[in-house]
Amino acid sequence: HTGACSQVAAALAGAAEGIGATTRLIFDVNGGVADDLDTLVILLRPGFDGRATAAADVAEFFGNRTWWPKLSAAVTECWLITVGGEAAVAGDAPPDPVHAAASAGFRSIATEHLGVRFRHLDLPTEATTPESTNAILTALHTGAESELAFRDGGLYAKRLIEADGSAAHSEEPTPDHVLITGGTGNLGLRS
């Protein structure tokens with residue numbers, strides 16, 4: 001807990017204890033997560049300076065991991081809570097670049113922690129502390145979904161669906177070249 005989301009963190013801890021869960025705010029990341037806790041929730045602070053500083057903000061988030069404690073063997077889930085990092089419904093604004101990048105990078109951290117499930121919940125930018133607390137507790141109790149967004153009082157899950165085929169017969173010309181970026185896996189090595 002860096003103190004940046006202290007109201008939501010305190011409300012979440014109180015609400016969780018109200019339903020019988022054990023909670024602990026972690027102020028010293030060097031101390032790690034206690035052996036009796038199985039879930040870590042990371043609240044990404046809202047209100048970054050905007051698109052002009054997005055790259056620097058993301059670099060600081062991942063480069064200076066003041067939010068990342070040492071995980072105990074008991075931890076089975078890590079949640080990242082973002083605000084406005086996803087465009088989940090038609091009325092959503094474009095995603096906040098820092099929160100969107102943080103959620104993508106967070107999934108990459110999972111490769112360093114086999115056996116720990118890395119999950120993500122995105123809150124709407126206008127969510128109040130009580131709404132945020134309820135959404136987080138609801139998400140923590142969903143078993144099968146790793147990528148969620150809370151909008152209009154409900155949870156939305158990311159889904160891959162098969163295209164209807166009309167996109168394959170588009171009027172758009174086929175590009176001469178395609179650039180594939182990211183990772184060092186086999187996909188990028190094939191031509």
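How much space lies in the second largest pocket? In this predicted model, the second largest pocket holds about 240 Å³ of space.

**View 1. Lining of the second largest pocket.** The lining of the second largest pocket comprises 16 residues. Nearest the centre of this pocket lie Cys5, Val8, Pro46, Val83 and Ser132. At least two lining residues come from each of α1 (6–18), β2 (77–83) and α4 (129–140). Classified by residue type, the lining has 11 nonpolar and 5 polar residues, and no charged residues.

**View 2. The aromatic cluster.** A cluster linked by ring pairs contains Phe61, Phe62, Trp67, Trp68, Phe106 and Phe118. The model has 6 aromatic pairs. In the pair formed by Phe61 and Phe62, the ring centres are 4.8 Å apart and the planes stand at 80°; the pair is therefore edge-to-face, a class that requires an angle over 60 degrees. Phe61 has a relative accessible area of 9% and is therefore buried.

**View 3. The largest nonpolar core.** The largest nonpolar core consists of 19 residues. Leu40, Trp68, Leu71, Cys78, Phe106 and Phe118 have the most contacts inside this core. Two or more of its residues are given by each of β1 (39–43), β2 and α3 (97–109), and α3 gives the most, with 3 residues.

View 4. When residues up to four places away in sequence are not counted, Leu71 touches Val33, Leu40, Cys78, His113 and Val116. A second, separate core has 14 residues, among them Val8, Trp79, Ile81 and Val83. Val8 and Val83 are also among the residues nearest the centre of the second largest pocket.

Methods
Residues are numbered from 1 along each chain as its sequence is written. This is a predicted model: local features need pLDDT of at least 70, side-chain atom pairs count only at pLDDT 80 or more; totals for chains, interfaces and linings use all residues. Side-chain values use heavy atoms; hydrogens and water are left out. On a 1 Å grid over the protein atoms alone, a cavity is a set of points where a 1.4 Å probe fits but cannot get out, and a pocket is an open set with protein on both sides within 12 Å along at least five of seven lines; lining residues have an atom within 4 Å of a point. Grid points are joined across faces, edges and corners, and a volume is the space filled by probe spheres set on the points. Helices (H or I, at least four residues) and strands (E, at least two) are DSSP runs, numbered from the N terminus. Ala, Val, Leu, Ile, Met, Phe, Trp, Tyr, Cys and Pro count as nonpolar, Asp, Glu, Lys and Arg as charged, and the others, Gly among them, as polar. Rings of Phe, Tyr and Trp (its six-membered ring) pair if their centres lie within 6.5 Å; planes under 30 degrees apart count as stacked, over 60 as edge-to-face and the rest as tilted. Buried means under 20% relative accessible area, exposed over 50%, partly exposed in between (1.4 Å probe, protein chains only). A nonpolar core is a set of buried Ala, Val, Leu, Ile, Met, Phe, Trp, Tyr and Cys residues joined through side-chain atoms within 4.5 Å. Contact means heavy atoms within 4.5 Å.
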